[in-house]
Amino acid sequence: MISNKKIYDLVIIGAGFAGLYSLYKAKLAKLNVIAIERASNVGGTWYWNRYPGARCDVESMQYSYQFSNELQEEWEWTEKYATQPEILKYANHVADRFKLRENIQFNSEIKSAKFNSDKNHWELINNTNQLIKTKFCIMATGCLSTLNKPKFKNIESFKGEIYHTGNWPHHHINLKNKKVGIIGTGSSAIQCIPEIINEVEHLYVFQRTPHYTVPARNKPLKYLKGKTKKYMREPVGYDNDLFIEEVKYNYSNFRLKAQNSVAAMALPINHQSALNVSKERRETVFEDRWNKGGVPFIAAFEDLNFDREANETAAKFVRNKIKSLVKDSHVAKLLTPDYPIGCKRLAVDSNYYESYNKPNISLVDLKTTPLEEFYAKGINTSKNHYELDIIILATGFDAMTGTLFNIDIEGKNNIKLKNKWSEGPKNYLGLASSGFPNLFTISGPGSPSVLTNMIVSIEQHVNWIFDCIEYMKNNNKNFIEASLKAENEWYKHNQEVSIDHVRSSCSSWYIGANIKGKAKNFMPYVGGYSKYVEKCDEVSKNNYQGFILK
Ligand code: NAP
């Protein structure tokens, strides 16, 4: 389907949620467009992350597109937090409903992208050496799409099966009567463990650092199904108990709450400081959030993300919960984090801590007994041999920059993106980097992306880019590049806002700490979604201030 004869107006790399919406907009704008996707189908992260228990930690009614009223009216989510299969079904529905597949080349992976300054176009080469020329390029490559596969000593000698949560096979993996080891205790493992514990003969959890997690309290969504429409309430902000029809009745108001928020999510906000209320009041608020479930826990008080003393009150509350939920006090202690809550992304679970009360689970503490090597039959730590049939790597991703660096991207004057960003991902608004004209990144480093409801952030980025392309067309411009000055200022601002934020107070993938040799900078923009959108709008209103247009 790829043509090497024509010069496309736009090539979109990736057919996840960012790629699909970009393609929809490009077709609407009647651009000559193609999307290139390495997988055999749409869905991006939801295509690859199909491990048992995978589901979203943002509520379905919010983790969905809002660009089409018809789409949000007709689609019926079944649970408060959608499962991976349901989200993938939704992505497929979007691709079919808007006839996007005809412009997607599947099973094709872009290996290099080089800007031809003389001809003012990009030249891309894929895994089958096809050349694709395009005026504009959108990197819709996702933030968590390149696996972190630590180089464990002698990993190749293991004779059993090894799987990574981020690239789970499409066929059923039989875990029955198997001794299974899982390495890592981040969000993926926290979702996977309670699911597989009911199947395996024995599960060994190899933990280096404990993670904070709060209960999801997932439940089926409530539908009126036309029965009592006359009693329909007008939704006033966030309310967990609304019937779906009530949310849809005024979906735009509900969405507006998210637009004006820090995390692009309508959350119950409490503007109090955790330190300005009595101990009893604080405990009541935490208890209420814990019982209602989900990420709103971290918004229980306004200062949990900024004030360490306030943060400690929430951390202590969760530590006490771990103590009360896990029967074996030694295991409970090992599962208890000692760093601020919310620094590593807060996980949302269903029965994670309770899983450790089962008879067929063992927690292996890699802090005190480090993992030394794999061997033919399993894993050796400094203390024990663990015989295993299956090993699951839940070791995460080379986040935000990994996938961009996997493509050999070369801009003006032969600058390679990988070299330019060797000390940190410098760009303007997370959208474009100086030296790389006509190339946009969706939810890239320097934008709120992974700190927000991703679909809302994706739609904002895509809308901004297509407004920009239209502006260029109307003003006879065919070249746009972020200025070095604007990007330096943005990068400086980005780093400044992150200094006092709880998210930079520990070692996490947000700062690239999980990848050996990676520059240690806070990558996503932590200044808040609504402030970020204000800045983007100001830039476009001022004729793309900070960009060089020719
Ligand atoms: P992660 O949060 O990076 O966790 C990786 C785990 O592997 C950590 O416990 C880490 O320990 C451990 N690990 C890494 N290298 C290791 C090594 N060499 N030896 C021993 N342990 C090692 O990855 P993830 O759980 O896949 O989650 C990544 C992100 O994906 C999340 O933060 C979230 O944004 C997203 N996600 C979202 C959902 C959802 O929506 N519900 C679900 C899953 C994932 P250390 O902490 O000591 O490094």
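Colleague: Which residues lie nearest the centre of the second largest pocket, and what makes a residue part of a lining?

Modeller: Val262, Ala263, Leu267, Ala299 and Asn305 lie nearest the centre, among 43 lining residues. A lining residue has an atom within 4 Å of a grid point; the grid has 1 Å spacing over the protein atoms alone, and a pocket is an open set of points with protein on both sides within 12 Å along at least five of seven lines. Keep in mind that this is a predicted model: local features need pLDDT of at least 70, side-chain atom pairs count only at pLDDT 80 or more, and totals for chains, interfaces and linings use all residues. Residues are numbered from 1 along each chain as its sequence is written, and side-chain values use heavy atoms, leaving out hydrogens and water.

Colleague: How much space lies in the second largest pocket, and which helix gives the largest share of its lining?

Modeller: About 1000 Å³, where a volume is the space filled by probe spheres set on points joined across faces, edges and corners. Helix H16 (residues 529-541) gives three lining residues, the largest share; helices here are DSSP runs of H or I, at least four residues, and strands are E runs of at least two, both numbered from the N terminus.

Colleague: Why is the link of Cys343 and Cys506 called a disulfide?

Modeller: The rule asks for two cysteine sulfur atoms within 2.5 Å. Cys343 and Cys506 have S to S 2.1 Å, so the pair passes. The count by this rule is one disulfide.

Colleague: What does the pair tie together?

Modeller: Cys343 sits in the loop between helix H10 (329-334) and strand E11 (347-349), and Cys506 in the loop between helix H15 (484-499) and H16, so parts 163 residues apart in sequence are tied together.

Colleague: What is the volume of the largest cavity, and why is it called a cavity rather than a pocket?

Modeller: The largest cavity has about 60 Å³. "Cavity" is the word because a 1.4 Å probe fits at its points but cannot get out, whereas a pocket is open. Leu404, Trp421 and Phe436 are among the residues lining the largest cavity.
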